[in-house]
Every structure is written in structure tokens, then in C-alpha cells.
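Okay, thanks everyone, I'll keep this short. Have a look at the model on the screen, and I'll walk you through a few spots.

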Amino acid sequence: MPFSIVKKFGKLYRVWRERGTRGLFRFLVDRTVVKASKRLNYQEWMARQKLTPTGLANASREMAQWQHRPTFSVILPVYNVEEVWLTKAIESVRNQIYPNWELCIADDASSAAHIQPLLLHYNKLDPRIKVVFRADNGNIVATSNAALELATGDYLALLDHDDELAIDALFENAKLINQHPDADFIYSDEDKLSVEGDRHDPFFKPDWSPDYFHSCMYTCHLGVYRTSLIRAIGGFRAGYDGSQDYDLVLRIVEHTQQIYHIPKILYHWRVIPASVTSSSDAKPWAYEAARRALEDMLIRSDYPGRVEAGPRQGFYRIRREIQGNPLISIVIPSAGKTLITEADRCLLEACIHSIRDRSSYRNIEIVVVDGYDVPERIVQAISGNDLHLVRCADSFNFAQRINLGVAHAQGEFILLLNDDVEVLTPDWLESMLEFAQQPEVGAVGAKLFYPNGSVQHMGVMVLGGNPGHAFHQVAGDHPGYFLSNLVNRNYLAVTAACLMMRRSLYNELGGMDEVFPLNYNDVDLCLKSHQAGYRQVVTPYAQLVHYESASRQAGLQPKEWETLNNKWQLYFEQLNHNDPYYNPNLSRDEVMFEL
């Protein structure tokens, strides 16, 4: 039998041994689907998603059965836009398959001769189109508020004067509102539209991700908001022109948690020289306005701080002030192996020295849990007033040793840490503590690199019951999908190779489930946290190198995958077997954010 066939059967056997019969079946199905669509590009994807006559007929039947038929007020501020683009924007509203809308247009005293006749033409053509002409030229905020004054609908939808709505944009939003009448804020996916009419550069977004939102205005288009809520918070605020919608949403989310995401392309953002889609230099004042909006958010927040520049224009880093000087207990379960690094040092010793030598945060204690197998030479080398050695006679069980270490910890916060990592960034603890101190946050993870500089961990996705590391083994400076490798971002799970959490929350969640001796104990902990209503976050500003599994054997233990899926089957079903922080339009083969 050829070696290649033997190798394939060997892999299938390992999958069956680790995941069971059900896991093997899902593995085969996933691989088959992936191979069939692996080379799918965006044009092919659009062709598959195109609304067919059958789809239109089904939508009509569906609308006839709806209990709620909300009216959408589409807010369209206008200023000296080319006639062709303004016409396309208006026609994209008139072409909506959902009829309950009104188009509220405010012109900001445009000097272009074609604007007023065109708007008056549409005002007479369709009674649902309302127009107001401002006497004086102001700005986008004043014009948007003038359009808002015309609105009588239940919800507002924001449209720029040179962009287009997908034909089913309002239908999809009305459909969601019928499913979730409590919805206050809805956003969808979007793509870009060239002047030639070619669609490209889609942005498939995660579900609501507060910490990613503080890094960039990712919800953007199409944004739909409950009208009464917008009026309650005062509409658009003066002084934030260019980022008025960012400031708006920053205030909205302080008043509601009824936020929904529609994972469909419902908005086409025109790329022309005057648009921010063309380059980061198109509207520099917009980025300054966004920074001011974030600074205002911090002033209103219970956790104040400052705004720092992010890796690119339009991206930011929020730095929260540390509340007090809490003790952090760093819990390190050790397998006791004395593997040597390239520098000819024990991994555990190198780990602890890097904590002591490189960390700028000093109020820490280190709790090492071993199996009476750390050599006395190493015990002496790592000893200190800040270190406690806890011994366990049982065979190595990562979850058990973590729980034992936490039981001996005194800190308000615990930091779970592998014995095969080394600290790279001095303020790694502060960067994680900024999030862990917030009561809505559960687990906080770090950015981990392999010794060769590639990414080992930048968040864990759980797709169809299969945990996977985002952008695993890409170059360390790879920006990720819309810079998700370079900014703070929410994930469903993080690795316990470096995980911070409030000790009280860890105990509230019942600690780690010791039925997972090596793998998935961290995923299980994060799923418990998510189910309890806490969000997880990974910060790329806390960086460590990880000699993954160098101090213990790699690979799954028998039935670990099956145990995880049996335990969480009902919850996975509630999530529709999707990860809320990974768009369902993206590939489930590898977490590389590809179609």
C-alpha cells in the first residue's frame, strides 16, 4: 500500500481516537465542503448570494406574515455630490423590496446647480421622499440633524450621498426586528463599490465586539438605530464632523445592550477621491474627530483613561487607568521537565526570570505547582519572597494544577501561565489588567509568538465545535483581518498559556474542569464565562514567546474533543454552531478569515 494512503488512514485514525465517531464524521464533512469551495473569490461568492426571482417571491410571502412592519427613515445628508452618484443613492432606496420607508434628505446649501432640481424631482416623484434645503452651509452634523427632524419612522438608517443600499437592506433589517422586537441598534456587513460599478473589498464583521469597536469604527455601514433612542441622546453632536456616526454609536451603546448584527452585505460604499474609502489621507479631520469621540467616552466611563494612536490611521488604542494597585497571582503549573532553551536554561527558570526582570508591574506573587519533580537546583534558582511552591503527587493534569494553584493564590487577579513562555513586553501585565478589572470582562489573553517570530496565539475561535487559533503560524507582524492582529479584539476563547481573570470570577465559574487534563480546559473555562454573560478579549500589546508544548507532550488526549462537544452541544446549538466573533461567511477550515 502506498505510503501516502497509509499516512491518510493514520490521520483518520488519530481523529477518530481523539474525537470519536461523531467527530470523525464532522471532520470528513468539513473537509469535503472546504475542498469544494476552497478557491472561491468574492465575485463567485456574490454570484451565489444574488437574490433570485424565487428568493424575491419567498421574501414577499415572508413579509405578508410579519407581525411587525416597522418604518425606516433613511437619513441622507447631501452636499455638492455628483449627479450620477446622488441619483444612484436615491434609486437604491426606491428599489428596496421592503416598502415601508421614507427618505429624509437634507441639502447643506449646495452650490452645484444640479442638486436642487434633482431633489425636487424626486420629492414630487415619490411621496415617501422628503427634502429640506438648508439656507446656510454648515457641516455633516448639522445636515444630518436637519434630515433627522424630517424623520417619522420607527428606525433610522444612515446613507451617504454617494453610496448604495443593497436591494434587500431594509427587508433584512425588518426581518430581524420581527425576530427581535427589542433591537435598538443593528449593523450589517459591507463592501466597496468602484466608480465603474465593481464590488470589492468586503468586510465580514463579528457580532458586537465592544473592545474591537474601541479600536476602530467597525460597525459603520449599514447602521440602523431606533429613532426614539437617537432623539433621547440628542442626535448627532456638533464638533465631530467626519466621525459623527462613531460618536453616535459610542453614546448609543451606553444606553442599550440590544445590539444585533446581520452577517450579510447590505451596503455598498463608493470609492471616490473625496471618500475615506479611497485613502487614509482623504479626510484627516475625521480621524481627529474619532479620537475626540473616544476621549469623551472615557470621560463618561467608570474606567477612565487615554487614547493612543493605533497601528494605522483610523485605529486607536484605549489605555485604561489601573484601579488601585491590586495583587496579581501568577499561577504556573509545571510538568517538571528540565528541557533546555537555546540559551541553555531550564524553561521554568527562564520563564520566572523573564517575569521578574522584564515586568514593569511589581505587585505580583508567583505560585508554581509541580509534581515533586522540579529539580532542587531549579527550586533554589527560582526561589524568592514572591514565589510559593505548591506540590501535587498526582499525575500531570493541567486543569487540576491550575485549580490547586488558584486555591493557594492571594491575589485579586490570577494570571494563568505556562512554564514554557517568556515575557517580551514590560507592560504586559498592565495591558491585560486594564481589561480584567472591568466587571463585564471575563478572560483576557495575550499575543503569543513561536520562537521563530510567527503567531502562536491571537485568540481562539470555536467553529462547529472545533477550537482553532486565529492566524496560526502567520508572520508575527501580519496585520490580520482588518488589523485584528494589531489591535484589541474580542474572541470567544483565549489560551490558558497566558490568561488573566479576576479570582472571584474564576471561582464563580467553578474553575477549570479537571475532566480536561491537557487540552480544551481553557476553551471550556471561556465558554462558561461567555455563557454567564462576560466577554473575552485579547490584547496584542501583551506579548510573550511560547515554546508550545516544549515542557509536555503535544496532542489531544483520547476523547477530549468529544467530551468538549458533548458538554457544550446545547450551547453550540444556541450559537448555531457559529462563533459570534467570526463571521459565518468566512472559511471554517482554518481561522484565516478567508471566503
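Helix α11 covers residues 284-300, and its 17 residues reach 25 Å from the first C-alpha to the last. That's close to the 24 Å expected at 1.5 Å a residue, where the expected span is 1.5 Å times one less than the number of residues. Helices here are DSSP runs of H or I with at least four residues, strands are runs of E with at least two, and both are numbered from the N terminus.

Before I go on, some housekeeping: this is a predicted model, where local features need pLDDT of at least 70 and side-chain atom pairs count only at pLDDT 80 or more, while totals for chains, interfaces and linings use all residues. Residues are numbered from 1 along each chain as its sequence is written, and side-chain values use heavy atoms, with hydrogens and water left out.

Back to α11. Its buried residues include Tyr287, Asp296 and Met297, buried being under 20% relative accessible area, exposed over 50%, and partly exposed in between, with a 1.4 Å probe and protein chains only. The cover over those buried residues includes α10, β10 (305-309) and β11.

So let's visit α10, residues 244-252. Arg251 forms a salt bridge with Asp247 there, closest N and O atoms 3.1 Å apart. By salt bridge I mean a side-chain nitrogen of Lys or Arg within 4 Å of a carboxyl oxygen of Asp or Glu. The two residues are four apart in the helix, so about one helical turn separates them. Are they buried or exposed? Arg251 is buried at 5%, and Asp247 is buried too, at 0%.

Now β11. Arg319 pairs with Asp427 in a salt bridge, 3.9 Å from N to O. This one links distant parts of the chain: Arg319 is in strand β11 (316-320), Asp427 is in the loop between β16 (421-423) and α15 (428-436), and they're 108 residues apart. Arg319 is buried at 9% relative accessibility, whereas Asp427 is partly exposed at 23%.

Glu434 takes us into α15, where it is one of the buried residues.

One more of them: Arg134 and Asp108 meet at 2.9 Å, N to O. Arg134 sits in the loop between β3 (129-133) and α6 (140-150), and Asp108 in the loop between β2 (101-107) and α5 (115-125), so the pair ties together parts that are 26 residues apart in sequence. Arg134 is partly exposed at 24%, while Asp108 is buried at 4%.

Last stop, Ile414 in strand β15 (413-417). Ile414 is buried, at 1% relative accessibility. Which residues does it touch, leaving aside neighbours within four places in sequence? Among them are Ser329, Val406, Leu499, Met501 and Tyr506, contact being heavy atoms within 4.5 Å. Ile414 and Tyr506 are 92 residues apart in sequence, yet 8.4 Å apart in space, C-alpha to C-alpha.

That's my tour, happy to go back to any of those spots.
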